[in-house]
Amino acid sequence: TLSLPFEDFIVIVAPCPLEAEAREGWMSRIRAVDRIFENVPRVYLDPYSGAPDGPPAAKVHGSRVVEVRIAPSRADHHALLETLVVTSRFVYVHTAHLGRFLLPFYPTGKIVTDMHGIVPEEERMLGRPTVATFYEGVERVILKTSRLIVVVTEAMRDHLLAKHPDSNASFLCLPIIESYAAESGDRVP
């Protein structure tokens, strides 16, 4: 079991953005969403960055953020994932790539999915048709059972609805607008 410094919390499935540099779009999006929830206690579950051997360990960031790296295929890590989904207010999943780890939990009605991109089409473009087919199935489940789908543009929403006309998902368009130094001399090259 994992001891948390709070009781009422949300889970965000993504790498924790607090110590990482936001140099590219994915982490920049995660950091922007984190700012929205900055006053909410949250647990970051990261199935990407490599979980250490042994039971899941928490890294605490201040009084509102706990980061846990998990390996969802390991029984103790999957059990923690399940416990956190059940006891959280809701779960915010960044991308269909990470949504694949939560497919059994989508029917709970607690999962919000941020669709950063068009994963099956991107995989096909990269020459990985088998992976694209897999993510078409993941995307279908997400569009059928997510509590809410967050998109960056209305065009993304329209694309997903055209592809999945039987979806009854609610959508929220949340553009990301980065702030940059106004004077070109103040900008970092």
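User: In this predicted model, which residue meets Arg 128 in a salt bridge?

Analyst: The structure is a predicted model, and in this model the side chain of Arg 128 takes part in a salt bridge with an N to O distance of 2.6 Å.

User: Which two elements does the salt bridge between Glu 136 and Arg 124 tie together?

Analyst: The side chains of Glu 136 and Arg 124 meet at 3.0 Å, N to O. Both residues are partly exposed, Glu 136 with a relative accessible area of 23% and Arg 124 with 39%. Because Glu 136 lies in the helix of residues 129–145 and Arg 124 in another helix, the pair joins parts that are 12 residues apart in sequence, and the elements concerned are α5 and α4.

User: How many residues apart in sequence are the parts that Arg 89 and Asp 8 tie together?

Analyst: The side chains of Arg 89 and Asp 8 form a salt bridge with an N to O distance of 3.7 Å. Arg 89 sits in the loop between α2 (75–87) and β5 (91–94), while Asp 8 belongs to the segment before β1 (10–13), so the parts tied together are 81 residues apart in sequence.

User: Are Arg 89 and Asp 8 buried or exposed, or in between?

Analyst: Buried would require under 20% relative accessible area and exposed over 50%. Arg 89 has a relative accessible area of 43%, and Asp 8 has one of 47%. Because these values fall between the two cut-offs, Arg 89 and Asp 8 are partly exposed.

User: Which residues are linked with Glu 121 in a network of salt bridges, and how many salt bridges are counted?

Analyst: Glu 121 is part of a network of salt bridges that also takes in Glu 139 and Lys 163. The count of salt bridges comes to 11.

User: Where is Asp 34 found, is it buried or exposed, and which side chain makes a polar contact with its side chain?

Analyst: Asp 34 is found in helix α1, which covers residues 25–36, and at 5% relative accessibility it counts as buried. Leaving aside residues up to four places away in sequence, Asp 34 touches Pro 17, Leu 18, Arg 42 and Tyr 44. Among these residues, the one whose side chain makes a polar contact with that of Asp 34, at 2.7 Å, is Arg 42.

User: How far apart in space are Ile 118 and Met 156, C-alpha to C-alpha?

Analyst: Ile 118 has its place in the loop between β6 (111–114) and α4 (119–125), and at 28% relative accessibility it counts as partly exposed. Residues up to four places away in sequence aside, Ile 118 touches Met 156 and His 159. Ile 118 and Met 156 are 38 residues apart in sequence, and their C-alpha distance is 8.1 Å.

User: What span should α2 have, and how far apart are its end C-alpha atoms?

Analyst: The expected span is 1.5 Å times one less than the number of residues, and α2 has 13 residues, so it should span 18 Å. The end C-alpha atoms agree with this expectation, being apart by 18 Å.

User: How wide an arc do the buried residues of α2 cover around the axis?

Analyst: The buried residues of α2 are His 77, Leu 80, Leu 81, Leu 84 and Val 85, and they pack against β1, β2 (42–46), β4 (65–69) and β5. On the other side of α2, Ala 75 and Val 86 are exposed. An α-helix has 3.6 residues a turn, so residues three or four places apart point the same way.

User: Which residues have the most contacts inside the largest nonpolar core?

Analyst: In soluble globular proteins, nonpolar side chains tend to be buried together. The largest nonpolar core here has 48 residues, and Val 43 touches residues including Phe 6, Ile 12, Val 68 and Leu 84. The residues with the most contacts inside this core are Val 43, Leu 45 and Leu 102.

User: How many helices and strands does the protein chain have?

Analyst: Of the 189 residues of the protein chain, 42% count as buried. From the N terminus on, the elements run β-α-β-β-β-α-β-α-β-α-α-β-α-β. The secondary structure comes to six helices and eight strands.

Key. Residues are numbered from 1 along each chain as its sequence is written. This is a predicted model: local features need pLDDT of at least 70, side-chain atom pairs count only at pLDDT 80 or more; totals for chains, interfaces and linings use all residues. Side-chain values use heavy atoms; hydrogens and water are left out. Helices (H or I, at least four residues) and strands (E, at least two) are DSSP runs, numbered from the N terminus. Buried means under 20% relative accessible area, exposed over 50%, partly exposed in between (1.4 Å probe, protein chains only). A polar contact is a pair of N or O atoms within 3.5 Å; within protein, one must be able to donate a hydrogen and the other to accept it, and residues adjacent in sequence count only if both atoms are side-chain atoms. Contact means heavy atoms within 4.5 Å. A salt bridge is a side-chain nitrogen of Lys or Arg within 4 Å of a carboxyl oxygen of Asp or Glu. A nonpolar core is a set of buried Ala, Val, Leu, Ile, Met, Phe, Trp, Tyr and Cys residues joined through side-chain atoms within 4.5 Å.
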